[in-house]
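Here is a protein model to work through. The questions go from the whole chain down to single residues.

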Amino acid sequence: MSFHTGEIAVQTRSGVREEAEKLSSMITPVIKPAAQMLLTTQQLAIASSVDTNGLVWASLLTGQPGFVQVLDHQTVEINCIPIDGDPLYENLVKNGVLGLLVIDLTSRKRLRMNGLARVEGQGQIMMQTTEVFFNCPKYIQLRHLETDTPESTQPNEIRSFEALTTTEQDWITQSDTFFIASFNPETGADASHRGGYPGFIQVISDHQLVFPNYAGNNMFQTLGNLTVNPHAGLLFIDFERGNTLQLTGTAEVIWDQSRFTTVPGAQRLVEFHIDQVLETTNASPIRWRFGEYSAANPAVKKESLPDALVV
């Protein structure tokens with residue numbers, strides 16, 4: 001698989017073009033046995049989709065173990081629990097690009113699958129893969145799946161805002177994990193994971209967030225997409241209560257080193273400007289209990305952050 005122009009631009013600017021090219025063979029269109037084996041036990045995935053206005057959304061998908069089922073070497077069937085009010089299904093009906101991140105918080109394994117999808121029925125999605133690859137376990141906080149879930153699932157309630165409420169701002173600043181969806185019109189959608197100690201995401205205002213970009217796999221799929229198309233979606237999950245916070249807007253990669261020299265571990269920053277907020281209670285009946293932070297997380301000390309990052 002070759003990288004697109006946005007990915008190549010970021011790899012070149014970061015000085016890792018040769019390293020990235022050596023890793024390109026990791027990305028294949030087929031679902032290999034190791035990926036198939038992982039999918040048989042998973043209950044959590046993040047989807048990236050695009051609406052008719054070009055806005056990008058990150059959505060939570062959950063289901064029974066193996067709800068992402070491999071049908072052949074390039075086809076998966078996703079049987080998830082639909083969330084009323086989530087834009088995913090409507091987006092796929094009108095624009096079939098889909099990025100899927102399947103992540104196991106108990107083992108810190110994550111698999112990305114990108115391609116084209118169609119909605120087959122209530123909660124059923126068929127996907128043809130064009131890119132399949134594993135990511136490393138960096139920055140994934142260990143969480144344990146709770147076996148005792150609520151006996152009766154409460155109906156979900158979704159609320160829409162044009163800016164963050166104070167409660168949502170507190171949610172974000174206390175988060176150690178979020179997911180980011182991006183989209184390149186030429187190559188499709190992608191969903192990825194971001195993690196760090198609480199405080200690594202800074203709320204600048206009710207319309208703006210800033211977060212660091214740490215060292216990763218040097219392929220830069222997300223930043224490459226943002227270089228071509230700034231529209232992006234963020235997803236925050238309340239793992240203990242099953243609630244979600246979805247943000248859609250635009251993202252800008254900040255390369256000015258003076259902006260992040262005192263931010264531990266940051267190799268660049270991403271500024272995110274919010275267009276719309278969806279907050280959903282009871283988005284999923286599945287719960288996770290916190291285990292431990294990733295040893296790869298750079299330390300975050302608020303007093304060491306530059307003024308631009310301190311609320």
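Me: What should I know about numbering and cut-offs before I start?
Reply: Residues count from 1 along each chain as its sequence is written, and side-chain values use heavy atoms, with hydrogens and water left out. The model is predicted: local features need pLDDT of at least 70, side-chain atom pairs count only at pLDDT 80 or more, and totals for chains, interfaces and linings use all residues.

Me: How many helices and strands does the protein chain have?
Reply: Helices (H or I, at least four residues) and strands (E, at least two) are DSSP runs, numbered from the N terminus. By that count the protein chain has six helices and 17 strands.

Me: Which radius of gyration does the protein chain have, and what does the globule rule give?
Reply: The radius is taken over C-alpha atoms, and the rule is 2.2 Å times the number of residues to the power 0.38. For 311 residues the rule gives 19 Å, and the chain is close to that, so it is as compact as a globular protein of that length. The C-alpha trace spans about 50 × 45 × 40 Å along its principal axes. The radius of gyration itself is 18 Å.

Me: What percentage of the residues of the protein chain count as buried?
Reply: Buried means under 20% relative accessible area, exposed over 50%, partly exposed in between (1.4 Å probe, protein chains only). Of the 311 residues, the buried share is 55%.

Me: Among contacts between residues at least 6 apart in sequence, what percentage join residues at least 24 apart?
Reply: Contact means heavy atoms within 4.5 Å. In the protein chain, the share joining residues at least 24 apart is 71%.

Me: What is the volume of the largest pocket, and which element gives the most to its lining?
Reply: On a 1 Å grid over the protein atoms alone, a pocket is an open set with protein on both sides within 12 Å along at least five of seven lines; a cavity is a set of points where a 1.4 Å probe fits but cannot get out; lining residues have an atom within 4 Å of a point. Grid points are joined across faces, edges and corners, and a volume is the space filled by probe spheres set on the points. The largest pocket has about 330 Å³. Its top contributor, with three residues, is α5.

Me: Which residues of the lining lie nearest the centre of the largest pocket?
Reply: Ala, Val, Leu, Ile, Met, Phe, Trp, Tyr, Cys and Pro count as nonpolar, Asp, Glu, Lys and Arg as charged, and the others, Gly among them, as polar. The lining has seven nonpolar, four polar and six charged residues. Of its 17 residues, those nearest the centre are Arg143, Gln174, Ser175, Ile237 and Asp238.

Me: Which element gives the most to the lining of the second largest pocket?
Reply: This pocket has a volume of about 180 Å³. Its 14 lining residues include His4, Glu7, Glu131, Thr187 and Gly188, which lie nearest its centre. They divide into three nonpolar, eight polar and three charged. The top contributor, with three residues, is β11.

Me: Which element gives the most to the lining of the largest cavity?
Reply: The structure holds two cavities of 30 Å³ or more, and the largest has about 330 Å³ of space. Its lining of 22 residues has His193, Arg194, Tyr214, Gly216 and Asn217 nearest the centre. Elements that give two or more residues are β6, β11, β13 (208–213) and α6. With four residues, the top contributor is β11.

Me: Why is α6 described as largely enclosed by the rest of the structure?
Reply: Its buried residues are Gln221, Thr222, Leu223, Gly224, Asn225 and Leu226. α6 is largely enclosed because the buried count is six of the eight residues.

Me: Which side chain does the side chain of Asn114 join by a polar contact?
Reply: Asn114 sits in strand β6 (residues 109–121) and is buried, with a relative accessible area of 2%. A polar contact is a pair of N or O atoms within 3.5 Å; within protein, one must be able to donate a hydrogen and the other to accept it, and residues adjacent in sequence count only if both atoms are side-chain atoms. At 3.0 Å, the partner is Asp190.

Me: Which backbone oxygen does the side chain of Ser24 reach?
Reply: Ser24 lies in the loop between α2 (17–23) and α3 (33–39). Ser24 is buried, at 9% relative accessible area. At 2.7 Å, the oxygen reached belongs to Glu21.
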